[in-house]
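The sequence and the model come first.

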Amino acid sequence: MRVKMILPALTEATSPLFRPIKYSLFPPLGLATLAGYLRDDDEVDLQDEHVEILKTDDEPDIVVIQVYITSAYRAYKLADHYRQKGCYVCLGGLHVTSLPEEAAVHADSIFLGPGEDIWPQFLKDYREGHPQARYVSKVRTLKRLPPIRRDLIKRHLYLVPNSIVVTRGCPHHCDFCYKDAFFQGGRSFYTQKVDDALAEIDRLPGKHLYFLDDHIFGDSRFARELFQGMRGMGRLWQAAATVNSLLKSGMLELAAEAGLRSIFVGFESLSVANLQDHAKVQNLNRDYQAAIRRVHDAGVMVNGSFVFGMDDDDASVFSRTVDWAVESGIETSTYHILTPYPATGLYQRMEAEGRLLHSNWDLYDTRHTVFQPKLLTGEQLETGYWQAYRRFYTWRNIFKGASTKPTWLRFARHAAYSAGWKKFEGLWNLAIRLKQVGQMRPLLENILSGLGRVQPQTGVGSDDSVELPVLSSVD
Ligand code: B12
Ligand code: SF4
């Protein structure tokens, strides 16, 4: 059987003029996971449009397309193209799960939710000659998974080919998040077995890993055992966690000892009313500054994530948030315009209030205003969003943020990390054009290791770590 797997890109990621590095960070892990269920004698071709030009003149038996909201139109176009040729088209992923009726028009089979139970079921049905039109995931487990087909990943095209996910979902329920809609009908937070996770980590070459888990500390027993197992593996890694989990004693330090060097934290908003509005309860009454201090004290950098456009945000929110982030010594910041994804609680609320402006999914990319804000105009929101990025990443603010650090080496690490990410976009673009992004990886690993000097502050190493920034932002 010939199987073609495609991760379509949003337009920006294929632009001949400029391509942000964030699209060359991570390989298509979801599709490589599904490829693990194919037989040895199946032929499989995995293409990621973010990093390569798609070949569409082939005629595979099955075409598998992963659909995100921002690439939905592109995905449907590809699906229609292959169906016209008589190929069997399967569509799955987040957007298909949110809007199955919309996707079904373009597919022979659609898949709702995670693929680990329904994809092998489909393969069996297809081989037996009776595939169903719709598969809905119900059994949620990461036990006894076949190995991810990492051999299909063109490692040289990615800065971070070692992306890994050892849990699925998240224990929280923020109303703007994809999570509750995607995992509806079954468990919405579950983990691998620690031994399986450690074995997967062990199989990855090089030093650097990026855990794409929504919340790596979400199950504290699992996380503790994982970090204990990772100690001594010589890995350097990045991950995401919630504010409240960073305030708990012990976990962060264990993670740092196991090689954690930067952490993505969803602060989202400095307004209590906003956090309440969006059910971000894990952030409520938490001392953000104390969380940041703890992370820094452990020798780990912070990538703070903030959302603009919530109902308590007025025109002052942009500069207030950025100045707070700079003064707090956050190394990198990621900003988003609030975006109601279909099937989320936020979407339903906005729809009921008649505040959705349109459903052009291409613009649901967290950079455009797609709903009517309360205390801002849509234009103010977009302008403020871009201004926030510019303001945070001025040289003045990079150095101001860095000067909150207690030692010169920490100052240098902060400045280099922050600037390296946003001040050299032209260079990243060139490396992408030349298909040389992978060549930067040894440098990344060397720099993240702080040229041998980065150690967590646990009494065993030097506080004077020097890391150069290369990445920090997932979205
Ligand atoms: C890594 C990542 C990226 C990477 C790369 C994506 C990639 N290579 O897959 C980059 C940096 C490029 C990226 C960019 C963006 N991202 Co992003 N990203 C993620 C992240 C953190 C992890 C994705 C992942 O690898 N998961 C692990 C794998 C194993 O799971 P999976 O990919 O979902 O695959 C499983 C299922 O979905 C399913 N499945 C998928 N396809 C199919 C097909 C079939 C046939 C079947 C049977 C099953 C199936 O089976 C797989 C195994 O269970 C997610 C958050 C998350 N937890 O998912 C956000 C997330 C997907 N991103 C999001 C967004 C908004 C964006 C951006 C728009 C952000 C921006 N402002 O630019 C862009 C646009 C992306 C695009 N191309 O359209 C949203 C998506 C919202 C939505 N409803 O679509 C998420 C959910 C973040 C969030 N919490 O809001 N992203
Ligand atoms: S904590 Fe993050 S991943 Fe979990 S529900 Fe909230 S936004 Fe989603």
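The sections below take the domains, the ligands, the sheet and the core in turn.

## Model and numbering

The model is predicted: local features need pLDDT of at least 70, side-chain atom pairs count only at pLDDT 80 or more, and totals for chains, interfaces and linings use all residues. Residues are numbered from 1 along each chain as its sequence is written, while chains are lettered from A and ligands numbered from 1 in the order in which they are written.

## Domains

The protein chain is divided into domain 1 (2–136) and domain 2 (159–452); such bounds come from an automatic or database domain assignment. The C-alpha centres of the two domains lie 27 Å apart.

In domain 1, 21 residues are in contact with 26 residues of domain 2, where contact requires C-beta atoms, placed from the backbone, within 7 Å. On the side of domain 1 that touches domain 2, helix 3 has the largest share, 3 residues. Helices (H or I, at least four residues) and strands (E, at least two) are DSSP runs, numbered from the N terminus.

## Ligand shells

Ligand 1 is surrounded by 41 residues, the closest being Gly30, Gln66, Thr70, Gly92 and Gly115. A residue is counted here if its C-beta atom, placed from the backbone, lies within 6 Å of the molecule. Helix 1 gives the most to this shell, with 4 residues. Domain 1 and domain 2 both give residues to the shell, so ligand 1 lies between them.

The shell around ligand 2 consists of Cys170, His172, His173, Cys174, Cys177, Lys179, Asp214, His215, Thr242 and Gly266.

Six strands form an open sheet in the order 7-10-11-12-13-14, with parallel pairing; two strands pair if DSSP finds at least two bridges between them. Strand 7 (163–164) and strand 14 (332–337) are at the edges with a single partner strand each, so one side of each has no neighbour in the sheet.

Strand 10 (residues 208–211) is joined to strand 11 (residues 236–241) by 3 bridges. Leucine 209 stands opposite tryptophan 237 in strand 11.

## Nonpolar core

The largest nonpolar core has 128 residues, of which Leu91, Ile263 and Phe308 touch the most other members. Such a core is a set of buried Ala, Val, Leu, Ile, Met, Phe, Trp, Tyr and Cys residues joined through C-beta atoms within 7 Å; buried means that 20 or more other C-beta atoms, placed from the backbone, lie within 10 Å of a residue's own. Helix 2 (residues 72–84) gives the most to this core, with 6 residues.

Notes
Buried ≥ 20, exposed ≤ 12 C-beta atoms within 10 Å, placed from the backbone. Contact = placed C-beta atoms within 7 Å.
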